[in-house]
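I am opening a notebook on a structure that is new to me.

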Amino acid sequence: MGYQQYGISPQLVERIKLKMKNPAVKERIKKLIDGVTKADLQDKAKVRRLIKSSAVIMNENFSPAQEEQFVTFVIAQKIDPNNTFHLIKLWGMFR
């Protein structure tokens, strides 16, 4: 798993995946990331803001170290939200 290389625990990923199955949480996250661009996902400050907002929506408390792991992971993936291949790759990583 690619995210484990960044120190992100599988238990945390499973907990978040479970929370994302809640339709209300899923819709709030969709609204949060609506309009996000590739440039936004390469900007540490914007990624950190998205992570903090997501944590509030999912009622999660991430440590500063976990936040940094998430930021590093997102930036390293060079995600383009308009590229279907990138989205499929991410989906496969978290199935």
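Entry 1, ground rules. I note that this is a predicted model, in which local features need pLDDT of at least 70 and side-chain atom pairs count only at pLDDT 80 or more, while totals for chains, interfaces and linings use all residues. Residues are numbered from 1 along each chain as its sequence is written, and side-chain values use heavy atoms, with hydrogens and water left out.

Helices here are DSSP runs of H or I with at least four residues, numbered from the N terminus; axes are lines fitted to C-alpha atoms over the stretch in contact, and angles run from 0 to 180 degrees between N-to-C directions. For the contact (heavy atoms within 4.5 Å), I wrote down Val 25, Arg 28, Ile 29 and Leu 32 on the α2 side, and Leu 50, Ser 53, Ser 54, Ile 57 and Met 58 on the α3 side. These residues divide into six nonpolar, two polar and one charged, where Ala, Val, Leu, Ile, Met, Phe, Trp, Tyr, Cys and Pro count as nonpolar, Asp, Glu, Lys and Arg as charged, and the others, Gly among them, as polar.

I then turned to α3 and α4, which pack at an angle of about 125° with their axes 10 Å apart. That makes α3 oblique to α4, oblique being what remains once angles under 35 degrees (roughly parallel), over 145 and from 65 to 115 (roughly perpendicular) are set aside. The α3 residues in this contact are Lys 44, Val 47, Arg 48, Ile 51 and Lys 52, and those of α4 are Glu 67, Glu 68, Phe 70, Val 71, Val 74 and Ile 75. By class, I found six nonpolar, no polar and five charged residues.

How many salt bridges does the structure hold? I found eight, each a side-chain nitrogen of Lys or Arg within 4 Å of a carboxyl oxygen of Asp or Glu. One of them joins Arg 15 and Glu 60 at 2.9 Å, N to O. Arg 15 lies in helix α1 (residues 10-20) and Glu 60 in the loop between α3 and α4 (64-77), so this pair ties together parts that are 45 residues apart in sequence. Arg 15 is partly exposed at 40% relative accessible area, whereas Glu 60 is buried at 7%; buried means under 20%, exposed over 50% and partly exposed in between, with a 1.4 Å probe and protein chains only. Asp 40 forms a salt bridge with Lys 46 at 3.0 Å between the closest N and O atoms. I also noted that Lys 44, Arg 48, Glu 67 and Glu 68 are linked in a network of salt bridges, and these four residues are listed in the contact of α3 with α4.

Leu 90 lies in helix α5 (residues 84-93) and counts as buried at 17% relative accessibility. Leaving aside its neighbours within four places in sequence, I found Leu 90 in contact with Phe 73 and Ile 79.

Notes. Helices (H or I, at least four residues) and strands (E, at least two) are DSSP runs, numbered from the N terminus.
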